[in-house]
Amino acid sequence: MLDELLHLMYPRVCAGCHTLLSPGEKDICAHCTVSFDAFPNAEAADCAVKEILRRNHPETCAPRYAWSVYRFHKKDSLQRVVHAMKYQGVRRLGAFFGSCLSEMIAGSGIEENFSCIVPVPLHRLKFVERTYNQSEVIARSLAAALEKDVRTDLVIRRKYTRSQAGLSQKERQSNVSGAFMSYPDIVSGHILLVDDILTTGSTVSAVIQALEEAGAKSVSVAVAALAA
Ligand SMILES: [Zn+2]
């Protein structure tokens, strides 16, 4: 009842197409949800993520497993949803991606005992600017479903990097080179690393390297979407 009243007073619109949401819909309308380019299964997503990392970062160890829910395409409604989550303060959209990822991971039949879940960190100045880390919002939703702990203290972003958007693969790589560091005395086990979007994989690759140098036995990767 209260929800319906609030909806009348403050109509909620879809983050993907900006049309009015039906009362049962939450943040994204049914039309947009089915229009997103979803991976058919966990194996297809695993191959696609590893292929991007292998092609662009042959020097980095491949993740043990990799998951991505979607591919996004320029100017599609998924790109608008991701944009709203990252830059327009709609942090709860992260819970949508976290829940999709938890279903994919649980349904992939891989019984893995992650020691913890680690979101790709933002530099503290960027955190102040944006007020939240969208990868952490995804990671927290995923962790609640998988009953794991989120650790935001294992990796720090010590270099303030400019946005990766619009940079070439080489520029992305040098932009994040040396940007992350981790602590050898507290990193161990199989870590699940979470990011929002994977484009050339430079950021994820740099964090995998930092975690492995610090003692992680292995690292798996979960992202909301791959940029096609
Ligand atoms: Zn929509």
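Q: Which element supplies the largest share of the lining of the second largest pocket?
A: Happy to walk through this predicted model with you. Strand E3 (116-119), H6 and strand E4 (155-157) each bring at least two residues to that lining. The largest share is three residues, and the strand that gives them is E4.

Q: Which residues lie closest to the centre of the second largest pocket?
A: This pocket holds about 250 Å³ of space. Its lining is made up of 15 residues. The closest to the centre are Pro121, Leu122, His123, Arg124 and Thr152.

Q: Which element gives the most to the lining of the largest pocket?
A: Let's turn to the largest pocket, with about 830 Å³ of space. The elements that give two or more residues to its lining are helix H4 (77-87), helix H6 (124-130), helix H7 (134-146), strand E6 (190-198) and helix H9 (202-213). With five residues, the one that gives the most is H4.

Q: Which residues lie nearest the centre of the largest pocket?
A: The lining counts 37 residues. Nearest the centre are Lys86, Gln164, Ala165, Ile197 and Thr199.

Q: How many polar residues does the lining of the largest pocket have?
A: Again, we can go class by class. There are twelve nonpolar and nine charged residues in this lining. The polar residues number 16.

Terms used: Residues are numbered from 1 along each chain as its sequence is written. This is a predicted model: local features need pLDDT of at least 70, side-chain atom pairs count only at pLDDT 80 or more; totals for chains, interfaces and linings use all residues. Side-chain values use heavy atoms; hydrogens and water are left out. On a 1 Å grid over the protein atoms alone, a cavity is a set of points where a 1.4 Å probe fits but cannot get out, and a pocket is an open set with protein on both sides within 12 Å along at least five of seven lines; lining residues have an atom within 4 Å of a point. Grid points are joined across faces, edges and corners, and a volume is the space filled by probe spheres set on the points. Helices (H or I, at least four residues) and strands (E, at least two) are DSSP runs, numbered from the N terminus. Ala, Val, Leu, Ile, Met, Phe, Trp, Tyr, Cys and Pro count as nonpolar, Asp, Glu, Lys and Arg as charged, and the others, Gly among them, as polar.
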